[in-house]
Amino acid sequence: MENAISIRIPISVSYPAIEDVLKKQMVGEFIPRPEEDSQEPPYAQILDVGIAKSSTGPNDVILAVKMRVLRTMLKRDQVDLYVQATLDYDSATEQLFVQRFKLESRTSSGFYNTALEVLANKVAYNQILKKTRFDLRQIISKELEKANGMLDKGLELKGFKLIGRVEAVRVQEIALQQARATVLLEIQGDLEADIFDLLSLMPA
C-alpha cells in the first residue's frame, strides 16, 4: 500500500537554537565580503547576532547584529544594528527566508545613525538576506535518511517495533511564537507495527 500513513507533527525550535545557526553563518563575516584581488578594505565585520520575536506582525522577528565598523570616517569599536525582518516560506524550494527588511542603528549620534543605516542598507542588505535563508529541504533530507536507516532495521519502541519507510516529509506551516518557532510537518510513508509486548501498551 503506497503512502499508507500520513501524520502531521508540530516541531518547536527555540530562538536560542536558531541563534546558534545564525552565529555559525554570520559571525566573523566582513561586509562586504572582500574580493580576492581587491585592495579596498571592508566596511565592517559582524561580531555577534541574536534573534527575538517582534510584536509588529505574526511573522516578524528582530535580528540584533553587533558589528565593528572598519572604515575611517565611521570607525567605531562596536555598533548595534537592529533588523526588523518578516519571515516567509517558499513551499516550492522548501526555504525559509526574509521577505522584508528594515535596518536601524542606535547610537548617541543622530548623524552617525543615519550615515551607518544608509551604508548598511546599501552594502549589507543582500549579504545579510543571503545568510538568513534556511534550506529546510537539505535539513529534512538528512534527518529522513537517518530515520529510514533505523526503520529498515526496525525501530524498537516500548512494546512494539516499527518497520517500513518514510517516503516524504513536507512543511505545512511555520508559526512564530514569543519563545519559539513551530514547524508543522506532514509525514507520509509505509509503516507497520510489530507488537511483542501487548501488556506494556495497556493503560495502568
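Trainee: How many residues does the protein have, and what share of them count as buried?
Mentor: Buried means under 20% relative accessible area, exposed means over 50%, and partly exposed lies in between, with a 1.4 Å probe and protein chains only. Here the protein has 204 residues, and 35% count as buried. This is a predicted model: local features need pLDDT of at least 70, side-chain atom pairs count only at pLDDT 80 or more, and totals for chains, interfaces and linings use all residues. Residues are numbered from 1 along each chain as its sequence is written, and side-chain values use heavy atoms, with hydrogens and water left out.

Trainee: How do I read strand pairing, and how many bridges join E9 to E10?
Mentor: Two strands pair if DSSP finds at least two bridges between them. Strand E9 (residues 160-176) and strand E10 (residues 180-195) run antiparallel. They are joined by 15 bridges. Valine 169 stands opposite isoleucine 187 in E10. Glutamate 173 has leucine 184 in E10 as its bridge partner. The two strands form a hairpin, with three residues between them.

Trainee: Which strand pairs with E9 over three bridges?
Mentor: Strand E8 (residues 155-157) does, in the antiparallel sense. Glutamate 156 has lysine 161 in E9 as its bridge partner. E8 and E9 form a hairpin with two residues between them. Glycine 159, in the turn, has a positive phi of about 85 degrees.

Trainee: How many residues link E3 to E4 in their hairpin?
Mentor: Six residues. Strand E3 (residues 44-53) and strand E4 (residues 60-69) run antiparallel, joined by nine bridges. Valine 49 has valine 65 in E4 as its bridge partner.

Trainee: Is glutamate 167 buried or partly exposed?
Mentor: In a regular strand the side chains alternate between the two faces of the sheet. Glutamate 167 sits in E9. It counts as partly exposed because its relative accessibility is 41%. Glutamate 167 and aspartate 190 are 23 residues apart in sequence, yet 7.5 Å apart in space, C-alpha to C-alpha.

Trainee: What is the volume of the largest pocket?
Mentor: Rolling a probe the size of a water molecule over the atoms shows where empty space is left. On a 1 Å grid over the protein atoms alone, a pocket is an open set of points where a 1.4 Å probe fits, with protein on both sides within 12 Å along at least five of seven lines; lining residues have an atom within 4 Å of a point. Grid points are joined across faces, edges and corners, and a volume is the space filled by probe spheres set on the points. The largest pocket holds about 1100 Å³ of space. Of its 46 lining residues, the closest to its centre are Ile11, Val13, Leu136, Ile139 and Ile140. Helix H4 (residues 136-153) gives the largest share of the lining, nine residues.

Trainee: Is isoleucine 140 buried or exposed?
Mentor: Isoleucine 140 is found in helix H4. It counts as buried because its relative accessibility is 16%. Contact means heavy atoms within 4.5 Å. Leaving aside neighbours within four places in sequence, isoleucine 140 is in contact with Glu94, Val169, Val171 and Leu185.

Terms used
Helix = DSSP H or I, 4+ residues; strand = E, 2+ residues; numbered from the N terminus.
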